[in-house]
Amino acid sequence: MLWVLLILLVIVVAAIFFVFSSYNGLVRARNRVEEAWAQIDVQLKKRYDLIPNLVETVKGYASHEKETLEAVISARNAGMNASSPAEQANAENQITGALKSLFAVTEAYPDLKANTSFLHLQETLTGVEDKIAYSRQYYNDSVNKYNTKTEVFPGVLIAGAFNFNKREYFEAEGDARGPVQVEF
Amino acid sequence: MIMIIGFFLFTFLVLAIVGYAVTGGLSSVAIAVLITLATTWGAYWKSDVIALRMSRAVEADETEYARYHNLVEGLCIASGLPKPRLYVIEDDSPNAFATGRNPKNSAIAVTTGLFKKMNRLELEGVLAHELSHIKNYDILVNTMAVTMVGLLALVADFTFRFMWLSGHRRRGHHDGPDPTAIIAIVGIILLVLAPIIAKVMQYAIGRQREALADLSAVEITRYPPGLISALEKLKADDTIVRSGSRATAHMWIEEPMAQVEADGNLSRINRLFATHPPLDERIAALREL
């Protein structure tokens, strides 16, 4: 009789322990997903802040590259005012493209290329571009881990009971997914 | 973690047996415990400071080394790690290492030669490799290993001198087989072997972890060509890190004492004592991805 009780007790304790750890694991994974999402925003904002500085610096040396400069500014404004995720993704891709052509244009201005604050800005912006890509990668990795946790066998019970919904991946929209076009 | 506990126990065991064999008293076992604990504690808290100072590393300025900071920040975002402290070593040979005890208390040091010789993508590969050492806790295992190996060597040396001076002290206690005598013999054998065993262990760990760090690095950057071409540049380069010593050899991305493999292939003995797999093997492994 005592043995049966003991075994039952062990099973109950084990079950409770399992529910706790599984639940906590899911919460942790979900928080990581949210953190990763916030990180993407942080990097995008940093890029918005850097662009006016860059444009000012370039203007001083290459004022007649108006079109390229304006393309960068309008892409930035479109990104800041975007209301839907799809719109935003589109604008971000435009910014990346506009910055690329801006940096390509600056190659023709040796004075500008020798300016230390320009070089620093260029380095920072390249860094931010990297970080945007990396934060998306990290977000997708986190989503992958979280989604897997909600799908595999023991976790799926807890996830169902406590409403841990699956998250969506961040996917490159439109241009970013298509073939790269080289313009001459 | 298992590695560290293993190293700890191994060191402790050797110290305890040797202590017992030499002095014949249990008090020496207690002393062994204390010494092992003290060194482990010291290694845990101070090893990064010591390693950085030994290689004359200075903190990397945020504006002067903007690229360095940017790349590491990006990689940290990709891997979800906090940003380590960044150091620079004035040295023409391209190399880098990571140290610390956990991701929150870690540091990466890079030689100025690496900045000169690597482009952005290669630099990123190397930094991702170092960051992987931090992520996989290799930095802790490494520093612990060094301390234990050093301690064992020190104790071995000290005990031999001690036995030389007082060798005849415990003769003629009993007749017949003496248990302390057996322990003493075991102790002496251990004493001779311990530093060697510890070294081989250290090297084995090092090689395995280098290969793992290469793979984890590529997992972070998702761009194997960066690290491959960085390793190729390291292979082509024959300058040697001046500030590297044998004690810190296993920490660098490439073995700083690379002159041993100047004639192409390492001999079998050399391979046993190499802290890194040959660069060719590492490049080939990355190519297969």
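**Reading a predicted model**

Colleague: Why is Tyr137(B) called partly exposed?

Modeller: In this predicted model, Tyr137(B) has 18 C-beta neighbours inside 10 Å, and since a residue is buried at 20 or more and exposed at 12 or fewer, Tyr137(B) falls in between and therefore counts as partly exposed. Tyr137(B) sits in the loop between H5 and helix H6 (138-165) of chain B, and its phi is near 60°, a positive value in a residue other than glycine.

Colleague: How do you know whether Arg222(B) is buried or exposed?

Modeller: Arg222(B) has 12 other C-beta atoms within 10 Å, and because 12 or fewer counts as exposed, Arg222(B) is exposed.

Colleague: Why are H5(B) and H8(B) called roughly perpendicular?

Modeller: The axes of helix H5 (residues 120-135) of chain B and helix H8 (residues 224-236) of chain B cross at roughly 95° and come within 7 Å; because angles of 65 to 115 degrees count as roughly perpendicular, the two helices are given that name. The residues making this contact include Leu121(B), Val126(B) and His129(B) of H5(B), and Leu227(B), Ala230(B) and Lys233(B) of H8(B). By class, the contact has five nonpolar, four polar and three charged residues.

Colleague: Which residues does Ile108(B) contact, leaving aside its neighbours within four places in sequence?

Modeller: Ile108(B) is in contact with Val72(B), Pro84(B), Leu86(B), Tyr87(B), Ala96(B), Ala98(B), Leu127(B) and Glu130(B).

Colleague: How many residues does each chain bring to the contact between chain A and chain B?

Modeller: Chain A brings 11 residues and chain B brings 10 residues. On the side of chain A that touches chain B, helix H5 (residues 116-151) of chain A gives the most, with 10 residues, and the residues of that side divide into two nonpolar, six polar and three charged.

Conventions: Residues are numbered from 1 along each chain as its sequence is written. Chains are lettered from A and ligands numbered from 1 in the order in which they are written. This is a predicted model: local features need pLDDT of at least 70, side-chain atom pairs count only at pLDDT 80 or more; totals for chains, interfaces and linings use all residues. Axes are lines fitted to C-alpha atoms, for helices over the stretch in contact, and angles run from 0 to 180 degrees between N-to-C directions. Helices (H or I, at least four residues) and strands (E, at least two) are DSSP runs, numbered from the N terminus. Angles under 35 degrees count as roughly parallel, over 145 as roughly antiparallel, 65 to 115 as roughly perpendicular and the rest as oblique. Two residues are in contact if their C-beta atoms, placed from the backbone, lie within 7 Å. Ala, Val, Leu, Ile, Met, Phe, Trp, Tyr, Cys and Pro count as nonpolar, Asp, Glu, Lys and Arg as charged, and the others, Gly among them, as polar.
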